[in-house]
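Please open the model in your viewer and keep the selection panel at hand.

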Amino acid sequence: MSGYEMNFDGLVGPTHHYAGLSYGNEASTKYSMQISNPKLAAKQGLLKMKALADLGLLQGVLAPQERPDVSTLRDLGFRGTDHQVIATAMRQSPGILSALSSASSMWTANAATVSPSADSADGRIHFTAANLNNKFHRSIEHTTTSRILAAIFNHDQYFAHHAALPPVALFGDEGAANHNRLGGDYDQAGVQVFVYGQQFLSGQTGPKRYPARQSLEASQAIARLHQLDPNRTVFIQQNPDVIDQGVFHNDVIAVSNQQVLFYHQHAFLNQDTALLEMKAKLADLGHVFVPIEVPNAQVSVADAVSTYLFNSQILTRPDGGMSLVIPEESRQNSAVWDYLNEMLTMDTPIDDIRIFDLRESMRNGGGPACLRLRVALNSAEFNAINPKVVMSDELFQRLNQWVEHYYRDRLSQADLADPELLNESRHALDELTQILGLGAVYPFQR
């Protein structure tokens, strides 16, 4: 195997709380208003990062964003000092304060869409920050996301950065959570698969209960920006019926790695046609497509959503085998666990299952795949990345100490108005930018 896939996991922020902000994400709404544990959340994420690095995989860290977002509160008419702005927002509109305190940037699968240099006409890795316009609390992320990505991938010879698409439903973009890539070695050409929820121009079919967050028009725009070859690009519509059952992103119903696509029987609209297109375009590159379809009779859509079976990671280990990374909730569901054990007896590249306790993230609606952004790269590109963000024994120890020092082990909605929370968060992020070598990426630093 040549090249690398590097996973960049989002570090959970100090204001991680359960607000039920993500309509259409049933886990998010189920645990609304419960007490969260930001310290535990951050440490659970770090344990996953370190465990995957210990497997010999390349693992990076993406920093959280500044919250509460005082600048946006000011844009909405709240006045006074920073602490007065927050206090007034709590009195007058606690829901807005909660949204602007969300730690949702932890789910970096929504940070951007990434296309490797092997697929782009100009031979560079392309990043387009997601506009996330469907949810207010996430729509404010892309500016800081772009700064953080530019601070990590800071070399024009290798990396190209694009601004978020216009923030309207027509170009609704949720990033890599609706994007897959199929192929062989990570530094060789592959087939990029864009999954959309609805076509807004001349489209007919869409969900009826929950919104379609990714548009075909956005996916097409990103493919153009990233200079992709249409002969190696596939656009597939997600089954609107499963969106209405809580499958708010494609990574809740399907996940890929190299030649493998692991997906539910009801994942896509016109599924047989879509699979044939993927198979044919992979064959043109000399690869044999390995679809692993999970029958609805064995794992229902409801079980897939509640356990986040497909919000998993398929990772190629240095020995060439593939590991499936799942949350503890998948083991606790008998139907899902029975299927996974059966799958290990099948003749597929997946020969290992790794289980992680990500309870704090899961209760806010994000599993293992939500927490990571995948970047396929070659050796020269890896050497051009900011080295301070690469997980190591030293960084793991340093970040755990940092979390222990700054994070609370209990956070409620009422705590968001505590002036010390803002102070703690800013001190924490200021130190984090030094640990990760990011420079001044946050508004309060400017």
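Select α7 (142-152) first: with 4 residues, α7 gives the most to the lining of the second largest pocket in this predicted model.

Next, display D69, T72, I140, T144 and P443, the residues that lie nearest the centre of the second largest pocket. They belong to a lining of 15 residues, which by class comprises 7 polar, 5 charged and 3 nonpolar residues. The space within the second largest pocket amounts to about 230 Å³.

Now move to helix α13, residues 334-343. Which residues of α13 are buried? Select V336, Y339, L340 and M343: these are the buried residues of the helix. They lie on the same side of α13, because they cover an arc of only 100° around its axis. Turn to the other side of α13, where S334 and D338 are exposed.

To see what covers the buried residues of α13, select the strands β10 (260-264), β11 (290-294), β13 (322-327) and β14 (350-356), which are included in that cover. The helices α11 (301-307) and α12 (328-332) are also among the covering elements.

Finally, select N333 together with A335. What does N333 do at the N-terminal end of α13? N333 caps that end, with a side-chain oxygen 3.0 Å from the backbone nitrogen of A335.

Conventions
Residues are numbered from 1 along each chain as its sequence is written. This is a predicted model: local features need pLDDT of at least 70, side-chain atom pairs count only at pLDDT 80 or more; totals for chains, interfaces and linings use all residues. Side-chain values use heavy atoms; hydrogens and water are left out. On a 1 Å grid over the protein atoms alone, a cavity is a set of points where a 1.4 Å probe fits but cannot get out, and a pocket is an open set with protein on both sides within 12 Å along at least five of seven lines; lining residues have an atom within 4 Å of a point. Grid points are joined across faces, edges and corners, and a volume is the space filled by probe spheres set on the points. Helices (H or I, at least four residues) and strands (E, at least two) are DSSP runs, numbered from the N terminus. Ala, Val, Leu, Ile, Met, Phe, Trp, Tyr, Cys and Pro count as nonpolar, Asp, Glu, Lys and Arg as charged, and the others, Gly among them, as polar. Buried means under 20% relative accessible area, exposed over 50%, partly exposed in between (1.4 Å probe, protein chains only). The arc is that of the directions from the helix axis to the C-beta atoms. Contact means heavy atoms within 4.5 Å. A polar contact is a pair of N or O atoms within 3.5 Å; within protein, one must be able to donate a hydrogen and the other to accept it, and residues adjacent in sequence count only if both atoms are side-chain atoms.
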